[in-house]
Amino acid sequence: MDKPRFLDLHCDTITRGKGLRGNGCQVDLLRVPEGWQWCQAFAVWVPDEYRGRAALDYFRRFAGEFHGEMARHRDRIRQVRSAREVEEALEAGLHAAFLTVEGGAALMGEMGSLDLLWEEGVRMLTLTWNGPNELGSGCAAQGGLTPFGKAALARMEELGIAADVSHLNDEGFADVVRLARRPFAASHSDSRAVRGHRRNLTDQQFMAIRDAGGIVGINFYVDFLDGLGPGRTDLPPESLMRHIFHFLELGGEDCIALGSDFDGAQVPDFIGDISGVATLREIMLQSGLGPVLADKILFRNGLDFWKRYEKS
């Protein structure tokens with residue numbers, strides 16, 4: 001029997017600066033469910049207070065941390081830059097790790113910075129965090145993509161760095177839909193129809209991602225899942241499953257994945273940390289998703305997104 005697998009489109013573990021093993025974080029090599037194979041997108045999150053040279057230096061610092069962790073744990077995990085490399089790593093008995101960036105401020109407003117990110121192995125860039133930067137504005141600000149942001153999107157597509165619209169405001173999202181020529185992602189976002197939070201996707205936005213061949217990673221952050229109150233982690237499994245079922249009703253069978261936001265968010269107690277993905281699979285099955293669909297959401301859809309992107 002094949003080993004169970006999961007692919008997660010977003011975590012903030014690298015910018016915790018605690019390494020990947022025995023770190024006390026939600027993502028820890030010691031906490032991966034026993035017997036499972038795993039592919040993780042590790043984001044370098046650039047907080048909104050970093051701009052210009054400071055933002056690029058911040059990226060370089062934590063990209064260095066990422067590469068150091070890959071070297072230290074080469075017997076367990078390997079950096080990957082393509083869907084083929086994911087499959088090769090897993091076939092070799094290793095976990096797989098994409099390097100991504102959360103916050104286009106890392107470019108410091110210079111197009112040449114995209115080449116630097118590409119050379120470091122970055123394969124996805126979240127265009128904004130919550131505030132404005134040189135590319136556009138996040139969900140806490142107004143205004144669509146800037147002229148530089150539009151040009152950067154085109155250059156990203158030339159290089160092969162996928163655009164991520166999580167955190168982008170609605171105006172910027174509309175610009176990406178209009179301008180993008182390759183599939184794009186919402187790496188860690190839920191349904192606004194289920195939980196009316198500005199960080200979640202409207203039905204129209206979800207369907208635009210679907211129609212573009214993109215991917216949406218279900219975010220585990222409790223406040224995006226349910227409005228029980230700040231800091232409440234005692235959510236029932238239904239709080240997460242409602243988002244999955246709603247997206248399925250919108251025709252999302254092939255474009256729903258995981259986007260945990262581990263180490264960047266409080267998550268429900270029934271998940272807790274990366275070990276809880278095994279529990280999540282059981283919840284999916286108990287909720288009526290068959291094993292084929294559950295495993296598509298857990299792994300196959302995420303990998304297929306990278307395949308579609310690379311072929312586009």
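Analyst: Here are some questions about the terms used, each answered from the values. This is a predicted model, in which local features need pLDDT of at least 70, side-chain atom pairs count only at pLDDT 80 or more, and totals for chains, interfaces and linings use all residues. Residues are numbered from 1 along each chain as its sequence is written, and side-chain values use heavy atoms, with hydrogens and water left out.

User: Why is helix H1 called roughly parallel to H3?

Analyst: Helix H1 (residues 53–72) and helix H3 (residues 112–120) pack at an angle of about 10°, with their axes 11 Å apart. Angles under 35 degrees count as roughly parallel, over 145 as roughly antiparallel, 65 to 115 as roughly perpendicular and the rest as oblique, so H1 is roughly parallel to H3. The axes are lines fitted to C-alpha atoms, for helices over the stretch in contact, and the angles run from 0 to 180 degrees between N-to-C directions. The helices themselves are DSSP runs (H or I, at least four residues), while strands (E) need at least two, and both are numbered from the N terminus.

User: Which residues make that contact?

Analyst: Contact means heavy atoms within 4.5 Å. On H1 the residues are Leu56, Phe59, Arg60, Ala63 and His67, and on H3 they are Ser113, Leu116, Leu117 and Glu120.

User: What makes asparagine 200 count as buried?

Analyst: Buried means under 20% relative accessible area, exposed over 50%, and partly exposed in between (1.4 Å probe, protein chains only). Asparagine 200 has 1% relative accessibility, so it counts as buried. It lies in the loop between strand S7 (185–186) and H6. Leaving aside neighbours within four places in sequence, its contacts include Ser189, Asp190, Phe224 and His243.

User: And is aspartate 170 buried, exposed or partly exposed?

Analyst: Aspartate 170 has 39% relative accessibility, so it counts as partly exposed. This residue is found in helix H5. Not counting residues up to four places away in sequence, aspartate 170 touches Arg192 and Gln205.

User: How do you know that aspartate 170 makes a polar contact with glutamine 205?

Analyst: A polar contact is a pair of N or O atoms within 3.5 Å; within protein, one must be able to donate a hydrogen and the other to accept it, and residues adjacent in sequence count only if both atoms are side-chain atoms. The side chains of aspartate 170 and glutamine 205 make such a contact at 3.0 Å.

User: How do you know that the buried residues of H5 are on the same side?

Analyst: In H5 (residues 170–179), the buried residues are Gly172, Phe173, Asp175 and Val176. They cover an arc of only 160° around the axis, which puts them on the same side of H5. That arc is taken from the directions from the helix axis to the C-beta atoms. These residues pack against helix H4 (147–159) and helix H6 (203–211).

User: What about leucine 153: buried or exposed?

Analyst: Leucine 153 has 2% relative accessibility, so it counts as buried. Its place is in helix H4. Among the residues that leucine 153 touches, beyond those up to four places away in sequence, are Val176 and Leu179.

User: Which backbone oxygens does the side chain of asparagine 301 reach?

Analyst: The side chain of asparagine 301 reaches the backbone oxygen of glutamate 253 at 2.8 Å and that of isoleucine 256 at 3.0 Å. Asparagine 301 is in helix H10 (residues 291–311), and with 1% relative accessibility it counts as buried.
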